[in-house]
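Let's walk through this fold together, one piece at a time.

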Amino acid sequence: MTNAPSPRPPMTLLIAAPRGFCAGVDRAIVIVERAIEKYGAPVYVRHEIVHNKYVVDNLKAKGAIFVEELDQVPDGVPVVFSAHGVPKAVPAKAEERGLSYLDATCPLVSKVHRQAERHVKADRHILFIGHKGHPEVIGTLGQVPEGTMTLIETVADAEAFTPADPGNLAFLTQTTLSVDDTAAIVAVLERRFPAIQPPKGEDICYATSNRQAAVKAIAPRCDALYVIGAPNSSNSVRLVEVAEREGTPARLIQRAEDIDLGWLRGVKTLGLTAGASAPEVLVREVVDLLARHFDVREEQVETAQERIAFKLPRGLETA
């Protein structure tokens, strides 16, 4: 007599929408792919084009070579700058060496760069809200002369900052921050320095805000939540924090193989989302693995629709 397999426990899977790729990430990946088609392999990319191992490995297989510094790029080959943006010194150095380069900086990051330049021209000191060491922060700090911008990471930093001229300040933010954390820091700055100039429009990008709002919508209904994304992806790490603030245990995973089935014991409703650098194929991979162990009922919870697309650099519209 054979034992019948035990039935798979039921699980409701709430899948957040929007999730995954944003327009800036999509554009950056296409820039690398079109550059390989146009110039032939190899095409060098300074820093990970986006923070996702699956995406980076796919582009490596097509002929992209990822390096950390321009010095590692040989003469005579094209180089692409990542979606996070680079300090002004990097394209200047590329031009000095005669390298042809393509800038895949997200247009929403470039918008912050231009605002920084305008504030410096107006002799304002800039308080930049962001995470030290993140490539986007390094790139933005590198747009303006040293000493004209101060990094503010926390509410405590905002309380402690002592400006030379309190009446002549502006603030800008990294595009991938926690909406709630940033609001708390901004509230301190605006209380302490009523004349501080805010950004023109919101600096935190639409995709970051939308993905956080989607997690807020599903987290209260979930016993646990998975975020697909890389540990060095700022917007993905923020999604874990958003869920946990709602009182929902959350974990960051890069792929289905990172799933801990023991952690899911007793979970009847699981939330699932993906950071802005994670492709939809990884979401489906996770769903497929869960379906092998649970009787999954999928429900997509949509809180916004995204129709934004960014133009490619001139010459790459058609490879």
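We'll look at a sheet and then at the helices packed on it.

A quick word on ground rules: this is a predicted model, where local features need pLDDT of at least 70, side-chain atom pairs count only at pLDDT 80 or more, and totals for chains, interfaces and linings use all residues. Residues are numbered from 1 along each chain as its sequence is written, and side-chain values use heavy atoms, leaving out hydrogens and water.

Start with the open sheet, where 3 strands line up in the order 7-6-8 with parallel pairing. Here, strands (E, at least two residues) and helices (H or I, at least four) are DSSP runs numbered from the N terminus, and two strands pair if DSSP finds at least two bridges between them. Strand 7 (149–152) and strand 8 (169–173) are the edges, each pairing on one side only. Strand 6 (residues 125–129) is joined to strand 7 by 4 bridges, and L127 has T150 of strand 7 as its bridge partner.

Now find helix 7 (residues 179–192), which lies across strand 6, strand 7 and strand 8, at about 155° to strand 6. (Angles run from 0 to 180 degrees between N-to-C directions, with axes fitted to C-alpha atoms, for helices over the stretch in contact.)

Which residues of helix 7 are buried? They are T182, I185, V186, V188 and L189, where buried means under 20% relative accessible area with a 1.4 Å probe, counting protein chains only. They sit on the same side of helix 7 because they cover an arc of only 155° around the axis, going by the directions from the helix axis to the C-beta atoms.

Methods: Contact = heavy atoms within 4.5 Å. Buried < 20%, exposed > 50% of the residue type's maximum accessible area, 1.4 Å probe, protein only.
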